[in-house]
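Subject: Structure handover and notes

Hello,

Please find the structure below, with my notes after it.

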Amino acid sequence: MMSVCRADHKLSKLPRVSDEVLRDEMQVSLAYLNLRDNPELLPFSLKYIGFSSFEFMLKTILSEGAWGVLPEPLIRQLLREQTLSVIKHTYGLTQEDFCMLTSSGMSEHPAMTWLADQVSDYLFTF
């Protein structure tokens, strides 16, 4: 996972980004129904917008000048093209666990297992 912004964003120009500066900038993040049970999913910034997918987050970062934490496979080409920049902050590069979330009491369908295996195999190449 990488904290990124557009290459022309003021955050990308700073030699080092402090917590205070990052908290004052608009962050896009994943929205979850129950942040109370998942406090580690709370956004870092004091100003944020929650989206349901990384693709929506990426589109907003590119069009609205926000910053966010996105998976490297999604943004690799944009980083190479220098459309996006990694923010020079402690959270610039982070390792995140891959997991599959299901509703409480829901039984696992074979298609879910297959999909999780496919995603895991794909991510293992990184």
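Predicted model: local features only at pLDDT ≥ 70, side-chain atom pairs only at ≥ 80, totals over all residues.

Residues are numbered from 1 along each chain as its sequence is written, and side-chain values use heavy atoms, with hydrogens and water left out.

Overall

The protein chain has 5 helices and 5 strands; helices (H or I, at least four residues) and strands (E, at least two) are DSSP runs, numbered from the N terminus. Along the sequence the pattern is β-α-α-β-β-α-β-α-β-α. Of the 126 residues in the protein chain, 29% are buried. Here buried means under 20% relative accessible area, exposed means over 50%, and partly exposed is in between (1.4 Å probe, protein chains only). Taking contacts (heavy atoms within 4.5 Å) between residues at least 6 apart in sequence, 55% join residues at least 24 apart.

Helix 3

Helix 3 covers residues 54-64, and its buried residues are M57, L58, T60 and I61. These residues lie on the same side of helix 3, because they cover an arc of only 165° around the axis (the arc is that of the directions from the helix axis to the C-beta atoms). E55 and K59, on the other side of helix 3, are exposed. Just after helix 3 comes G65, with a positive phi of about 75°.

Helix 4

In helix 4 (residues 72-80), the buried residues are E72, I75 and L78. Seen down the axis of helix 4, they fall within an arc of 125°, so they line one face of the helix. The buried residues of helix 4 pack against strand 1 (2-6), helix 3, strand 4 (67-70) and strand 5 (84-86).

How the two helices pack

Two packed helices are described by the angle between their axes and the distance between the axes. For helix 3 and helix 4, the angle is about 25° and the axes are 11 Å apart. Axes are lines fitted to C-alpha atoms, for helices over the stretch in contact, and angles run from 0 to 180 degrees between N-to-C directions. Helix 3 is therefore roughly parallel to helix 4; angles under 35 degrees count as roughly parallel, over 145 as roughly antiparallel, 65 to 115 as roughly perpendicular and the rest as oblique. The crossing of helix 3 past helix 4 is right-handed, that is, the near helix is turned clockwise from the far one by less than a right angle, anticlockwise being left-handed. F54, E55, L58 and L62 of helix 3 make the contact with L74, I75 and L78 of helix 4. Those residues divide into 6 nonpolar, no polar and 1 charged. In this count Ala, Val, Leu, Ile, Met, Phe, Trp, Tyr, Cys and Pro are nonpolar, Asp, Glu, Lys and Arg are charged, and the others, Gly among them, are polar.

Q82

Most residues other than glycine have a negative phi. Q82 is not a glycine, yet has a positive phi of about 60°. Q82 sits in the loop between helix 4 and strand 5 and is exposed, with a relative accessible area of 62%.

Other residues

R6 lies in strand 1 and counts as partly exposed, at 23% relative accessibility. Leaving aside neighbours within four places in sequence, R6 is in contact with S12, I61, L62, S63, E64, G65, T83, L84 and S85. R6 and E64 are 58 residues apart along the chain, and their C-alpha atoms are separated by 9.2 Å.

E25 is in the loop between helix 2 (19-24) and strand 2 (27-30), and counts as buried at 13% relative accessibility.

T90 is in the loop between strand 5 and helix 5 (110-124), and is exposed with a relative accessible area of 53%. T90 and V17 are 73 residues apart in sequence and 8.4 Å apart in space, C-alpha to C-alpha.

Regards
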